[in-house]
Amino acid sequence: MKRRNHLFLSLVLIVALLAGCSGTSEKEVTKEPQAEAPAEESKTVEEPEQEEGETEEPAAAIGDKSIKTPGAFDVVDIEPNEPYRIVVTQMNTNDANAVTAMDSFREAGAYYGVEVIVMDNEGDAVQAVSNLENAITMEADFFFSYCADQGACGQIAERLREVGMPGVAIQVELGDDFPYFRLDPAMSGEASGTPLAEVAKEKFGDDVDFFVVLGYPEAGPVIADRSAAAIEAVKAVYPDVEVIEYSSQADPETSRSGMQDILTAHPEGNFMFWGHHDQYTLAAYQAIKAAGREEQCVVTSIVALESMCEEIQREGTSVKGTVSIRPEVWGWMMLPYAIDYLNNGTEIPHDLYQPCQLITKENMAEIYPERVVQ
């Protein structure tokens with residue numbers, strides 16, 4: 001009995017050993033093709049990488065056409081060859097105009113199928129230069145610079161030249177070799193200054209004591225030229241009027257307190273008031289209202305923010321109009337230039353101008369029907 005058991009166990013062991021040898025042999029045979037398979041798979045993976053630009057091109061070209069475009073604006077029919085990466089810097093998030101403009105770049109980017117990255121300069125020159133360095137690090141294809149500091153703009157321009165990155169200046173120029181998108185100073189100054197003087201003439205006749213100009217000379221010649229054009233337009237009607245200029249410093253509180261100081265120094269008399277930007281004009285107007293001087297003034301401004309459009313329609317307001325620069329269309333206007341340049345090397349015109357039209361209570365329904373207060 002024991003012998004049979006031993007014999008049985010021996011047979012089991014032999015079978016197990018044979019099965020083990022057979023398994024090893026099978027594994028070795030199958031192992032060779034498996035070693036070759038990854039090479040084939042890796043080859044297959046590499047091929048789409050080489051064709052990646054081609055395979056993603058249709059997605060870039062299609063974009064999201066369901067995005068609502070701004071009213072009364074004709075979208076440019078253009079498709080990107082690649083899903084380009086475009087960096088846009090904004091002056092600061094305290095500027096409502098800049099925020100609206102940046103939203104327009106994001107929306108247009110999604111519509112066309114390009115990646116738009118918005119960076120906030122925070123009103124700081126060092127941050128503005130740092131944002132460009134970040135754009136270079138991420139290998140952006142195109143750079144839009146909305147920076148109010150002239151010194152920083154000089155550094156940005158030099159760095160763009162060094163790395164060969166194409167760019168466009170917004171509001172403050174980078175140099176003659178970079179396209180320049182801004183409001184035409186003479187046009188905007190005349191469009192806001194002439195109506196201001198005409199309304200004052202109708203309301204006060206020759207009885208106007210002074211003209212307050214809220215500018216922003218720190219931002220450079222663009223806004224300075226705009227202010228100068230407004231003064232020239234007003235002086236064509238009131239050649240001897242006293243002009244009082246002060247700076248908003250791109251700050252609502254500075255705009256308000258500065259106007260308060262002027263009214264304290266001039267407690268009597270009719271006056272005109274012009275502001276370079278709705279946000280700061282409205283802040284200064286709060287001081288006029290607080291002083292009970294609304295009936296003694298007439299006001300025009302520039303930008304056409306929704307809040308200013310509401311104020312223009314308010315019963316009893318002294319704000320007669322604002323020149324629209326339509327920040328909601330900036331991205332829609334400018335991205336096609338960048339896409340065409342990146343697609344075909346098409347040269348971008350140096351002088352690029354924002355829209356310019358005086359918005360009043362009378363023409364609000366025609367230009368901004370969605371902003372009419374019912």
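A pocket is an open set of points on a 1 Å grid over the protein atoms alone, with protein on both sides within 12 Å along at least five of seven lines, and its lining residues have an atom within 4 Å of a point. The legends below describe close-up views of a predicted model.

**View 1. The second largest pocket has 19 lining residues.** Nearest the centre of this pocket lie Asn92, Gly123, Asp124, Ala148 and Tyr216. The space in the second largest pocket amounts to about 300 Å³. By residue class, its lining consists of seven nonpolar, six polar and six charged residues.

**View 2. The largest pocket has a volume of about 540 Å³.** Its lining comprises 25 residues, and those closest to the centre are Glu306, Glu328, Tyr368, Glu370 and Arg371. Helices α3 (96–112), α10 (306–312) and α12 (364–367) each contribute at least two residues to this lining. Among the contributors, α3 gives the most, with four residues. The lining of the largest pocket contains 11 nonpolar, four polar and 10 charged residues.

View 3. Of its 18 lining residues, Met91, Tyr146, Gln171, Tyr216 and Ile223 are the closest to the centre. Helix α7 (residues 221–235) gives the most to this lining, supplying three residues. The lining of the largest cavity is made up of 12 nonpolar, four polar and two charged residues. With a threshold of 30 Å³ or more, the count is one cavity. Tyr216 is among the residues closest to the centre of the largest cavity, and Tyr216 is also among those nearest the centre of the second largest pocket.

**View 4. Six strands form an open parallel sheet in the order β2-β1-β3-β4-β5-β11.** Strands β2 and β11 (351–353) are the edges; each has a single partner strand, so one side of each is left without a neighbour in the sheet. On average, neighbouring strands of this sheet are turned by 20° against each other, direction ignored. Helix α4 (residues 125–137) packs on the sheet and touches β1, β2 and β3 (142–145), with its direction at about 155° to that of β2. Helix α11 (residues 330–344) lies across β1, β2, β3, β4 (167–170), β5 and β11, and runs at about 150° to β3.

**View 5. Strands β1 (residues 85–90) and β2 (residues 115–120) are joined in the parallel sense by six bridges.** Threonine 89 has methionine 119 in β2 as its bridge partner. From β1 the chain passes through α3 to β2, in a β-α-β crossover that is right-handed. Helix α3, the connecting element in this crossover, also gives the most to the lining of the largest pocket.

**View 6. Strand β5 (residues 180–182) runs parallel to β11, and three bridges join the two strands.** Phenylalanine 181 is paired with leucine 352 of β11 as its bridge partner.

**View 7. A mixed open sheet is formed by six strands in the order β7-β6-β8-β9-β10-β12.** At its edges stand β7 (242–247) and β12 (357–359), each pairing on one side only. From one strand to the next, the twist averages 20°. Between β6 (residues 210–215) and β8 (residues 271–275), the pairing is parallel and extends over five bridges. Within this pair, phenylalanine 210 is found opposite phenylalanine 271 of β8. Helix α9 (residues 278–290) packs on the sheet and contacts β6, β7, β8, β9 (297–303) and β10 (319–324). The direction of α9 makes about 160° with that of β9.

Notes
Residues are numbered from 1 along each chain as its sequence is written. This is a predicted model: local features need pLDDT of at least 70, side-chain atom pairs count only at pLDDT 80 or more; totals for chains, interfaces and linings use all residues. Side-chain values use heavy atoms; hydrogens and water are left out. On a 1 Å grid over the protein atoms alone, a cavity is a set of points where a 1.4 Å probe fits but cannot get out, and a pocket is an open set with protein on both sides within 12 Å along at least five of seven lines; lining residues have an atom within 4 Å of a point. Grid points are joined across faces, edges and corners, and a volume is the space filled by probe spheres set on the points. Ala, Val, Leu, Ile, Met, Phe, Trp, Tyr, Cys and Pro count as nonpolar, Asp, Glu, Lys and Arg as charged, and the others, Gly among them, as polar. Two strands pair if DSSP finds at least two bridges between them. Axes are lines fitted to C-alpha atoms, for helices over the stretch in contact, and angles run from 0 to 180 degrees between N-to-C directions. Contact means heavy atoms within 4.5 Å. A crossover is right-handed if, with the strands pointing away from the viewer, the path from the first strand over the helix to the second runs clockwise.
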